[in-house]
Each structure stands twice: as structure tokens, then as C-alpha cells.
Amino acid sequence: MSTDRTDLDHLLDLLSLLPGPDAKDWWIDLDVAGTAGENESPKQKRERITYVLGNTGPYIQRCLGNPSDCEQAAGWLAQYVLMFFGGQEQAVADVVNRGLGYDTESAAGLECLRDIRTTAWRLHLAHNTRRPSHERLAEMWGTETFQN
């Protein structure tokens with residue numbers, strides 16, 4: 001499938017608002033809020049942040065580089081963004097808020113998080129739909145007989 005750059009560019013724009021990979025403490029906070037336990041040791045947190053950055057960074061770089069490299073990378077980026085920005089919405093939104101430079105009372109973090117998730121979801125669907133959705137629906141529903 002050909003990459004629709006609209007959602008990808010929007011996701012990259014949203015990610016560009018947040019701290020980069022050098023802000024490891026922020027990424028650890030995001031990971032703890034999203035998926036990791038608060039009781040992990042510092043070593044476990046460092047290992048997890050290596051995983052988080054190691055699975056987003058290369059796909060971001062590929063999406064920013066050669067368009068032919070971007071095709072597969074966009075789908076993987078969306079999948080990892082959904083994973084790493086998942087978790088309890090308000091806790092993750094508070095971390096995103098701090099990343100945007102606002103206090104935790106601002107709604108900016110929550111709106112940005114929702115936009116990140118929605119955009120990543122659309123991108124994920126675009127790259128993981130194996131056949132047109134209407135054909136799939138026809139296969140699932142077309143042979144059933146319904147009565148009113």
C-alpha cells in the first residue's frame with residue numbers, strides 16, 4: 001500500500017513537540033506511566049528505555065529519510081507509538097503535558113495524547129489492513145440471514 005503522508009506527517013509533527021531521545025528521564029516517566037511498573041529498579045528502567053527508544057528512533061529516522069524506506073517504517077512506528085503512549089490516559093497525559101512545557105493542570109497534554117493515539121491508530125490501520133474493509137465485511141456478513 002502507498003503511504004499516505006498526511007497522517008504520518010501529522011504524527012511526526014506531534015512527536016516533534018515532545019522531548020527528544022536525550023531526555024531519557026522524560027521517556028522513562030512516559031514508559032512508567034504507560035506500561036512499566038513504578039517499582040522497577042533503575043537498571044530495569046534503563047533497559048526498558050533502551051527498548052522504547054530503540055524501537056521508535058530508527059522508524060522515525062526512516063520516515064524522515066528516503067520515502068521508499070518510509071513505507072514499512074510508518075506502520076511499525078504507529079504500532080510502537082500506540083504501545084508506548086498507551087496505558088492509563090491521565091497518567092500518560094500528565095507526562096506529555098510536562099513534555100510540552102505545561103503544568104499538569106493544562107488540557108494540552110491530554111489533547112496532544114489523544115491526537116497522537118488517534119493519528120497512530122489511523123496510520124496503523126492503513127498499514128495493517130490486508131484487503132479492502134468492504135470486502136472483508138461482505139465475507140463476514142454476506143452469507144448470514146437475518147430476520148427483523
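**Figure 1. Overall view of the helices in the predicted model.** Helices, here runs of at least four residues that DSSP assigns as H or I, are numbered from the N terminus, whereas strands are DSSP runs of at least two residues marked E. The model shown is predicted, and its secondary structure comes to seven helices and zero strands, so that reading along the sequence gives the pattern α-α-α-α-α-α-α. The protein has 148 residues, of which 36% count as buried, and it exposes about 9100 Å², with carbon and sulfur atoms supplying 51% of that area. Among the contacts between residues at least 6 apart in sequence, 65% join residues that are at least 24 apart.

**Figure 2. Close-up of the ring pair formed by Tyr51 and Phe84.** A pair of aromatic rings is described by the distance of the centres and the angle of the planes. A search of the whole structure finds eight aromatic pairs, and in one of them the ring centres of Tyr51 and Phe84 are 5.9 Å apart while their planes stand at 90°, which is why the pair is called edge-to-face. This pair links distant parts of the chain, since Tyr51 belongs to helix α3 (residues 42-64) and Phe84 to helix α4 (residues 67-84), 33 residues apart. Tyr51 is partly exposed, with a relative accessible area of 41%, whereas Phe84 has a relative accessibility of 4% and counts as buried.

**Figure 3. Close-up of the ring pair formed by Tyr59 and Trp76.** Here the ring centres lie 6.3 Å apart and the planes of Tyr59 and Trp76 meet at 15°, so the pair counts as stacked. Distant parts of the chain are again linked, with Tyr59 in helix α3 and Trp76 in helix α4, 17 residues apart. Tyr59 is buried, at a relative accessible area of 16%, while Trp76, at 33% relative accessibility, is partly exposed. Ring pairs also link Tyr51, Tyr59, Trp76, Tyr80 and Phe84 into a cluster, which brings together the residues of this view and of the previous one.

Figure 4. A disulfide is a covalent bond between the sulfur atoms of two cysteines. The count for this model comes to zero disulfides.

How values were computed: Residues are numbered from 1 along each chain as its sequence is written. This is a predicted model: local features need pLDDT of at least 70, side-chain atom pairs count only at pLDDT 80 or more; totals for chains, interfaces and linings use all residues. Side-chain values use heavy atoms; hydrogens and water are left out. Buried means under 20% relative accessible area, exposed over 50%, partly exposed in between (1.4 Å probe, protein chains only). Contact means heavy atoms within 4.5 Å. Accessible areas come from the Shrake-Rupley method with a 1.4 Å probe; for residues, only the protein chains shown count as cover. Rings of Phe, Tyr and Trp (its six-membered ring) pair if their centres lie within 6.5 Å; planes under 30 degrees apart count as stacked, over 60 as edge-to-face and the rest as tilted. A disulfide is a pair of cysteine sulfur atoms within 2.5 Å.
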